[in-house]
Amino acid sequence: MTPFSYERAADAADAVRRAAGPAAKYLGGGTNLVDLMRETIERPQRLVDVTGLSAEIAENADGGLVIGAAARNTAVAEDRLVRRRYPVLARAILAGASAQIRNMATVGGNILQRTRCIYFYDDEGSRCNKREPGQGCDAIGGFNRNHAILGASPSCIATHPSDMAVALVALDARVQLRGAGGERSVALAELYRPPGDRPDLETVLQPGELITEISLPAAPLAARSDYRKVRDRASYAFALVSVAAALSVDDGRVSDVRLAFGGVAHRPWRAWKAEAALRGARAEAGAFAAAAEAELAAAEPLKDNAFKVDLLRRTMIAALEQLAGDRA
Ligand SMILES: Cc1cc2nc3c(=O)[nH]c(=O)nc-3n(C[C@H](O)[C@H](O)[C@H](O)COP(=O)(O)OP(=O)(O)OC[C@H]3O[C@@H](n4cnc5c(N)ncnc54)[C@H](O)[C@@H]3O)c2cc1C
Ligand code: SF4
């Protein structure tokens, strides 16, 4: 591990001030960052601990929720309002990691956790454009069973590992940011950059910019929502594919829907085309299958992961059928 200093921020302004300058990183629960530091893939010289910042989960004036970025994953999953109004979020969190890791992990750290591409971690034997821009990508011709089928680039085919972020993107979450230049708010779906030719630049965050909170708009349809995750083991495994879904049905027809996918792209994948195909359609298997086709027409499976296309299609249809059935 490269030597580093540790400081604890008193509040958001203090955190931003302390993180100014090169080679500083914010520290949440450390469950991803410290692993990467041990492997010398991340080499910050200064850590600014932000776990003392707001962890509050509160209702906002519009009937939505505001979640402090330092809230622990467990606290969010167990929150009464989250469970009642946004069950998809609670279920996505509980589908991730282990109870011990969820107790440590923060919301800010979870959505900024880095890919689990095995070549990214193998800094002694593999080429990786995300670790070292311009180096090449050994996953493209290598073992790519866990990699992307949507939105990849010739430079990187990695997937984003967060379950929570998939639910948050489906729920139209926004992130509140604070940096040296002031505050701004960004849709979470827009926080993540597509890989392009610089997969090392994963978000639109400016250097030193801090996530202070996440806001969820009021969404009555989210009261009946679900998260389905398919993985190699029943627990303690990242998604092969996952689906966050919320559905509202009136008179047998889809009046509103939200869909996002995990495990299949460089960022949580909002299924806009599937949503558009579903609005106004009959809430039945044929329409769900057609919507899946509309979204997955753009899929570009790799040598080892063609199975993901069918797995995702079936997972999406099953999630929608269950939600439609719940309303019957
Ligand atoms: C064995 C194992 C299994 C796992 N399985 C899953 C799984 O199935 N699903 C899943 O979703 N996750 C899984 N995880 C990942 C885990 O959820 C993440 O490690 C965790 O959520 C990261 O949160 P953290 O607070 O510990 O982040 P940290 O490790 O502290 O930070 C992660 C990144 O976020 C940055 N950061 C933190 N807070 C802020 C902030 N407020 N503003 C700006 N930047 C910030 C840090 O600088 C760092 O770059 C697993 C982890 C392990 C070790
Ligand atoms: S897929 Fe991305 S993270 Fe994995 S080796 Fe290639 S460039 Fe690196």
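Aspartate 49 lies in strand 3 (residues 46–49) of this predicted model. Helices (H or I, at least four residues) and strands (E, at least two) are DSSP runs, numbered from the N terminus. Aspartate 49 counts as buried because its relative accessibility is 6%; buried means under 20% relative accessible area, exposed over 50%, and partly exposed in between (1.4 Å probe, protein chains only). Its side chain makes a polar contact of 2.5 Å with the side chain of tyrosine 6. A polar contact is a pair of N or O atoms within 3.5 Å; within protein, one must be able to donate a hydrogen and the other to accept it, and residues adjacent in sequence count only if both atoms are side-chain atoms. Beyond its neighbours within four places in sequence, aspartate 49 is in contact (heavy atoms within 4.5 Å) with Tyr6, Glu7, Arg8, Ala9 and Leu27.

Residues are numbered from 1 along each chain as written, and chains are lettered from A and ligands numbered from 1 in written order. Local features need pLDDT of at least 70 and side-chain atom pairs count only at pLDDT 80 or more, while totals for chains, interfaces and linings use all residues; side-chain values use heavy atoms, without hydrogens and water.

Ligand 1 is surrounded by 32 residues, with a heavy atom within 4 Å as the criterion. The closest are Tyr26, Thr31, Leu33, Thr106 and Asp163. Strand 2 (24–27), helix 7 (107–111) and strand 8 (210–216) each supply at least two residues of this shell. A side-chain N or O atom of threonine 106 is 2.7 Å from an oxygen atom of ligand 1. A backbone N or O atom of isoleucine 211 lies 2.9 Å from a nitrogen atom of the ligand. The protein covers 93% of the 980 Å² of accessible area that ligand 1 has on its own (Shrake-Rupley method, 1.4 Å probe).

Four strands form an open sheet in the order 9-10-11-12, with antiparallel pairing. Two strands pair if DSSP finds at least two bridges between them. Strand 9 (225–230) and strand 12 (269–270) are the edge strands, each pairing on one side only. Six bridges link strand 9 to strand 10; here tyrosine 227 stands opposite alanine 244. Strand 10 (residues 241–250) has eight of its ten residues buried. Strand 10 and strand 11 pair over nine bridges, with leucine 247 partnered by valine 257. These two strands form a hairpin with two residues between them. Aspartate 251 in the turn has a positive phi of about 55 degrees. Two bridges join strand 11 (residues 253–262) to strand 12, where phenylalanine 261 stands opposite tryptophan 269.
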